[in-house]
Amino acid sequence: GTRIIYDRKFLMECRNSPVAKTPPSDLPDIPGVTSPGVEELKLENHHVQNCEEKVSTGEEEQFDMDI
């Protein structure tokens, strides 16, 4: 068969395409797979609150680590 080879520049440009950022319309809703799960949302909200607290106190760590 014929093999199609794409160069890195082309693939990086495709990443910014609106089509690449839009999920398919018939994609099923599977929590934790195709949509964020309940646990992930809680962790994300907790992380955002921690970041806001650090900025407000004037202390900022050199590296932000999720444990």
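This is a predicted model: local features need pLDDT of at least 70, side-chain atom pairs count only at pLDDT 80 or more; totals for chains, interfaces and linings use all residues.
Residues are numbered from 1 along each chain as its sequence is written, and side-chain values use heavy atoms, with hydrogens and water left out.

Next, display the whole chain. It holds 3 helices and 0 strands, where helices (H or I, at least four residues) and strands (E, at least two) are DSSP runs numbered from the N terminus. The average pLDDT is 75, and 55% of the residues score at least 70. Of the 67 residues, 3% count as buried, that is, under 20% relative accessible area, with exposed over 50% and partly exposed in between (1.4 Å probe, protein chains only).

Now select I4, in the segment before helix 1 (8–14). I4 counts as exposed because its relative accessibility is 61%.

Then select Y6 and F10. They form a stacked aromatic pair, 5.3 Å centre to centre with 15 degrees between the planes; rings of Phe, Tyr and Trp (its six-membered ring) pair if their centres lie within 6.5 Å, and planes under 30 degrees apart count as stacked, over 60 as edge-to-face and the rest as tilted. Y6 is partly exposed because its relative accessibility is 47%, and F10 is partly exposed at 37%.

Key. pLDDT is the predictor's confidence in each residue, from 0 to 100.
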